[in-house]
Amino acid sequence: MRTLIRGGTVLSSTGAVTADVLVDGETIAAVTAPGMLAGQNVEVDTEFDATGKYVMPGGIDAHTHMEMPFGGTFSADTFETGTRAAAWGGTTTIIDFAVQPKGSSLLSTLDNWHEKADGDCAVDYGFHMIVSDVNDATLKEMESCVAAGVSSFKMFMAYPGVFYSTDGEILRAMNKAADIGGTIAMHAENGIAIDELVARALAEGRSEPYQHGVTRPPELEGEATSRAITLAKVTGSPLYIVHLSAAQALSAVAEARDEGQNVFAETCPQYLYLSIEDLGKPDFGGAKYVASPPLREKHHQPDLWRGLRTNDLSVVSTDHCPFCFKDQKELGRGDFTKIPNGMPGVEHRIDLLHQGVVAGEISLARWVEACSTTPARMFGLYPRKGVIAPGADADIVVYDPAAEQTISAETHHMNVDYSAYEGMTVTGRCETVLSRGSVVVDRGTYHGRAGHGRFLERDLCQYLN
Ligand code: URP
Ligand code: ZN
Ligand code: ZN
C-alpha cells in the first residue's frame, strides 16, 4: 500500500521545505522535491493534496495516564478511548505511566500495564515506570525494565503515604539509573510541607477547590526541583522534570543546564494557558482544574514560553489524566483533598501549542520539536519516530494552519464530561493523521481501530552521548 502526500510544507525541528512524501507500507519511503515522483512510474494507491498545509511528524505525548488508579477511582480514558482521542489531535505515540502499587514488583506492574493496553490502542505506545516502593528487589528490577524497553522511572517528592519517596530512596534509585543509563522523571513538589499547609487549610475550614492551589505554592515546586537537581548531580543520574509549572522551578532547571548537568524538563498546555483563577470558578467548577502541580498565577506564563524558546523546557506533554466532573471530581465536594488530581488534554496539545506559533511565542520548528522530535529523542524513539525522513515510521499529520475550531466537550473525543478549554477558539486543525502508514483520521472521519497501536520498546535517552 503506497500513499503520496503531495505539495505540503514539510516541517522538521530545523525548518520547513515544500516536498512530496511517499509512504510505502508502514514507513516513509521518500521525501522529494514536488512532482519529482510523477515521471518515475511510482504507482500509488492513495494521494493527499497537502498544498497550503503543514506535513509534520506525528505528535508524541510523553506523559499520559490512561486508566490510572487515583484516590479510589480511575482516570476516565481507557487505552482505547484515550489513544483514539490522541489520534484525533495528531498524537500518534503516547508514553503512559505504569504505576507500581506499594508492596508489588515493577515487573508485575509492567505486565499489568501491558494487559491494559494490549489490543486496545489506536496508536503506538510506550511506558514509563512509576517507582513508589524503593527496595533492593525494585532497584534490581529497574535493569529488567530497561531491557524490556522501559527506560525512564518516575518518582514523587509529593503525595506522602501514596507515591512519595524520601530523599534517601530517590538517591538510591538515581544511583541505579546512573548505572544502567535510565532517566529519572521527577514530580517535584515538596509533599511534606504541602501536607502541613493542607492540614492548616482544612482546620481553618478552607475546603473549596481554590485551596488546592493555595496549599501548593510555587516556591515548594522550586525547592523540590532544586533538591532533585542536587540529588541527580551527586549521583550522576539524568533527570527529567515532569509537568513543570512554576518560574522558580524553571530557574533551577536553567541554572543546572547552564552548568552542563543532564537536566531536562517538560511543561504542559494547562500551565501555558490556564491559571489559578480557574480553580476559583463557581459552583465547584474549580474542581475541573485540580491537578498537581496546580495551575499558577498568570505571571508564570511568559517565563514558560521563554523556557520553550530557549530549550530549558524541551518537551510539551499533556499529563492527560481525566476525571469526570460528575461522580469523580465531585468526590471532593466539601474537601478539596478528595478531588482526584488530573486534567484531560491529550486531544488538544498540538492545537494549543500551535497557538504559540500563531501568537509569535515559538517558531514552527520549535512547535514540531517540542511536540514530536524532542520527546522522540528524550525517550529513545528517534529516528523511528519524531521525524519525516526515509525509513521513519509513517506517523504523519497533515495540518491545516488556517482552519478554525472551538474546543468543547460536545465535540471532543476524550471520555470525559468537560473540557478545560471549553469555548476556546483556536486556529489550526489536524486534517489527516497517519499512524504507521494507516489513515486514522481524515477530514473529520475516524478510520482507526483498537489494536492497530503497537508497544514501543524504547532505547535510552538520546541526549546523553
Ligand atoms: O494531577 C496530576 N498531575 N495527576 C496525574 C499524576 C501526576 O502526578 O502526574
Ligand atoms: Zn506527577
Ligand atoms: Zn502525570
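Visitor: What spacing do the donors of the zinc ion (ligand 3) follow along the chain?
Guide: Their pattern is H-x1-H-x253-D. Histidine 63 belongs to strand β6 (residues 59–64) and aspartate 319 to the loop between β15 (315–316) and α12 (349–358), so this pair ties together parts 256 residues apart in sequence. Strands (E, at least two residues) and helices (H or I, at least four) are DSSP runs numbered from the N terminus. This is a predicted model, in which local features need pLDDT of at least 70 and side-chain atom pairs count only at pLDDT 80 or more, whereas totals for chains, interfaces and linings use all residues. Residues are numbered from 1 along each chain as its sequence is written, chains are lettered from A and ligands numbered from 1 in the order in which they are written, and side-chain values use heavy atoms, with hydrogens and water left out.

Visitor: Which residues coordinate the zinc ion (ligand 3), and what makes an atom a donor?
Guide: A donor is an N, O or S atom within 2.8 Å of the metal (3.2 Å for Na, K and Ca); water is not among the atoms, so sites may look incomplete. His63 (NE2), His65 (NE2) and Asp319 (OD) coordinate the zinc ion (ligand 3) at 1.9 to 2.0 Å.

Visitor: Why is the arrangement around the zinc ion (ligand 3) called tetrahedral?
Guide: Four donors count as tetrahedral if all angles lie between 85 and 135 degrees; four count as square planar and six as octahedral if opposite donors are over 155 degrees apart and all others between 65 and 115, and anything else is irregular. The four donor atoms here subtend angles of 89 to 130°, and the arrangement is therefore tetrahedral.

Visitor: Which protein donors does the zinc ion (ligand 2) have?
Guide: They are Lys154 (NZ), His187 (ND1) and His243 (NE2), which lie 2.1 Å from the ion, and their spacing along the chain is K-x32-H-x55-H. Lysine 154 is in strand β11 (residues 152–156) and histidine 187 in strand β12 (residues 183–187), so the pair ties together parts 33 residues apart in sequence. The zinc ion (ligand 2) and the zinc ion (ligand 3) are separated by 4.0 Å.

Visitor: Why does lysine 154 count as buried?
Guide: Buried means under 20% relative accessible area, exposed over 50%, and partly exposed in between (1.4 Å probe, protein chains only). Lysine 154 has 2% relative accessibility and therefore counts as buried. Histidine 187, at 1%, is buried.

Visitor: What is the order of the eight strands in the open sheet?
Guide: The order is β6-β9-β10-β11-β12-β13-β14-β15, with parallel pairing. The edges are β6 and β15, each with a single partner strand, so one side of each is left without a neighbour in the sheet.

Visitor: How do you know that strand β14 (residues 263–267) is joined to β15?
Guide: Two strands pair if DSSP finds at least two bridges between them. Two bridges join β14 to β15, and in one of them threonine 267 has valine 316 of β15 as its partner. Helix α12 packs on the sheet and touches β6, β9 (91–99) and β15, its direction making about 110° with that of β6. Such angles run from 0 to 180 degrees between N-to-C directions, the axes being lines fitted to C-alpha atoms, for helices over the stretch in contact. Contact itself means heavy atoms within 4.5 Å.

Visitor: What makes α12 mostly covered?
Guide: Nine of its ten residues are buried, among them Arg349, Asp351 and His354. Just after α12, glycine 360 takes a positive phi of about 80°.

Visitor: Why is strand β16 (residues 396–406) described as largely enclosed?
Guide: Eight of its eleven residues are buried, so the rest of the structure largely encloses it. Strand β5 (residues 54–57) pairs with β16 in the antiparallel sense over four bridges, and eight bridges join β16 to strand β17 (residues 425–435), also running antiparallel.

Visitor: Where is isoleucine 388 found, and why is it buried?
Guide: Isoleucine 388 is in the loop between α13 and β16. Its relative accessible area is 11%, and it is therefore buried. From valine 21, isoleucine 388 is 367 residues away in sequence but 8.2 Å in space, C-alpha to C-alpha.
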